[in-house]
Amino acid sequence: MNDLNILLKKLIKTATGRARYAMAIMGLSVALLLILAAVQIQVNYNELLQGKQNKDSIANFLVVNKILTDQNIGKAVLTQEEIDDIKAQPFTEAVGVLATSRFKASIQSSSDVFPFYTDIAFESVPDAFLDVNTKEWNWNENSAYVPIIVPGMFLDIYNFQFSLSQGLPQLTREIVKMIFFNVNVYAVDGTTRVFRGKVVGFSDRVSSLLIPQSFMDHANALYGKNTGSAPSRIIIRTKDPGHPDLISYLKKKQLTTDQDKTRFSKYRQIVEIVVNITGVTGLLMFLFAMLIFSLFIQLTISSCREEIKLLISLGASPSQLRSFLARQFFPSNIWIVLCSLCVISVAQYALALFLQQQSAYISPFISSITISISVLVLLIIYILNRKSIHTNISK
């Protein structure tokens, strides 16, 4: 048996051109690398979108309202049917209504040390949609003050624009939360009710002054105008603010939201196209590489056809020849797959470190899906090689 193997190896080496063998191996290597890279890129892409570490508590909440046009000025409200339709969409996890104050109000300093006065309007939102966690967020008629949540950008505007132009001191968030001020509520009969107010937190999610729902209901009932209560804005929680279906739905229904939070939709579509092109290219190259490899096996066997006939005449069985040729050609495919996985592993680790610096997170290790696909591809190569060898030996 050993003598037969030695003789067959000499025949194969004679029939096999190194350049042709290297080209077949190179083509298959590039094809496998592209296929496995496309799989890993898709896994990373999904992890960036769906991973818990990449969840953005600000971007995943969208304040939605109708696009204001000449036709809907004064009536750009959302009906209950429209809100229910938004709730029913697959990209929507939850919907909250932003209730608007129906009373006139203003806030002013209760001290001459830091004088200010401004008219203001309030909104309220369900507590589940707040990004401020404080025990002070409650109110009843016996409360000492009305808690208010202020958009973080309001303080930035004050500190870097208003205070500089008016000669007023700049304030930190901690200082603002220590200041009490008057909240003036004007009733429809001309009377004024003064409440004590205090900022208890700053929101980066909702760009309006927020008060507890209990105070909103109380003030609207006693001091508000008897106007329609249909909301003009809602807030939705979504898994993916850049999902194309979400953007398409908003456009179709003439709704709008913060464009900065949805601009990724355009980039996402481009990335998906690139990933798909990479996968298709890898698949086509794999099929082409398998064709080349099969032709290479066929050419190798054809080159030593007479010698193989002689060996069969001398007593060597076709099954022995097929097993030997399979052992000669298949191990190189295993090495190709292992090398491809090593290259992707190094690239994955480097990519994970780079993205971590950008506050985006993926696993530093290649996915089990990528490994499974590599095993599947290896099995396909094995089957095709065996079939090619069997067909050519039979001839």
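Which elements each supply at least two residues of the lining of the second largest pocket? In this predicted model, they are β4 (117-120), β6 (146-151), α4 (152-166) and β8 (192-203). Helix α4 gives the most, with five residues.

**The second largest pocket**

The volume of this pocket is about 650 Å³. Its lining comprises 22 residues, and those nearest the centre are Ile 107, Phe 116, Thr 118, Phe 154 and Tyr 158. By residue class, the lining holds 21 nonpolar residues, one polar residue and no charged ones. Thr counts as polar under the classification used, and Thr 118 is among the residues nearest the centre of the pocket.

**Salt bridges**

The salt-bridge count for the model comes to six.

| Pair | N to O distance | Relative accessible area |
|---|---|---|
| Asp 85 and Lys 253 | 4.0 Å | Asp 85 27%; Lys 253 39% |
| Arg 237 and Glu 93 | 3.3 Å | Arg 237 28%; Glu 93 39% |
| Lys 198 and Glu 136 | 3.0 Å | Lys 198 14%; Glu 136 27% |

The side chains of Asp 85 and Lys 253 meet at 4.0 Å, N to O. This pair links distant parts of the chain, 168 residues apart: Asp 85 belongs to helix α3 (residues 80-87), while Lys 253 sits in the loop between α7 and β10. Asp 85 is partly exposed because its relative accessible area is 27%, and Lys 253 is also partly exposed, at 39%.

Arg 237 pairs with Glu 93, with 3.3 Å between the closest N and O atoms. Arg 237 is in strand β9 (residues 233-238) and Glu 93 in strand β2 (residues 92-100), so the bridge ties together parts that are 144 residues apart in sequence. Arg 237 has a relative accessible area of 28% and is partly exposed; Glu 93, at 39%, is partly exposed as well.

A salt bridge of 3.0 Å, N to O, joins the side chains of Lys 198 and Glu 136. Since Lys 198 lies in strand β8 and Glu 136 in the loop between β5 and β6, the pair ties together parts that are 62 residues apart in sequence. Lys 198 counts as buried because its relative accessibility is 14%, under the 20% cut-off. Glu 136 is partly exposed, at 27%. Strand β8 is also one of the elements that supply at least two residues of the pocket lining.

Gln 254 has a phi near 60°, a positive value in a residue other than glycine. Its relative accessible area is 54%, so Gln 254 is exposed. Within α7 itself, the buried residues are Pro 244, Leu 246, Tyr 249 and Leu 250.

Leu 130 lies in the loop between β5 (123-124) and β6. With a relative accessibility of 13%, Leu 130 counts as buried.

**A nonpolar surface patch**

On the surface, Leu 376, Leu 379, Ile 380, Tyr 382, Ile 383 and Leu 384 form a nonpolar patch with about 510 Å² of accessible area together. Leu 379 lies in helix α12 (residues 368-394). Leu 379 counts as partly exposed because its relative accessibility is 47%.

Definitions and conventions:
Residues are numbered from 1 along each chain as its sequence is written. This is a predicted model: local features need pLDDT of at least 70, side-chain atom pairs count only at pLDDT 80 or more; totals for chains, interfaces and linings use all residues. Side-chain values use heavy atoms; hydrogens and water are left out. On a 1 Å grid over the protein atoms alone, a cavity is a set of points where a 1.4 Å probe fits but cannot get out, and a pocket is an open set with protein on both sides within 12 Å along at least five of seven lines; lining residues have an atom within 4 Å of a point. Grid points are joined across faces, edges and corners, and a volume is the space filled by probe spheres set on the points. Helices (H or I, at least four residues) and strands (E, at least two) are DSSP runs, numbered from the N terminus. Patches are made of residues with over 30% relative accessible area and no salt bridge: like charges are joined within 9 Å, nonpolar side chains (Val, Leu, Ile, Met, Phe, Trp, Tyr) within 5 Å. Accessible areas come from the Shrake-Rupley method with a 1.4 Å probe; for residues, only the protein chains shown count as cover. Buried means under 20% relative accessible area, exposed over 50%, partly exposed in between (1.4 Å probe, protein chains only).
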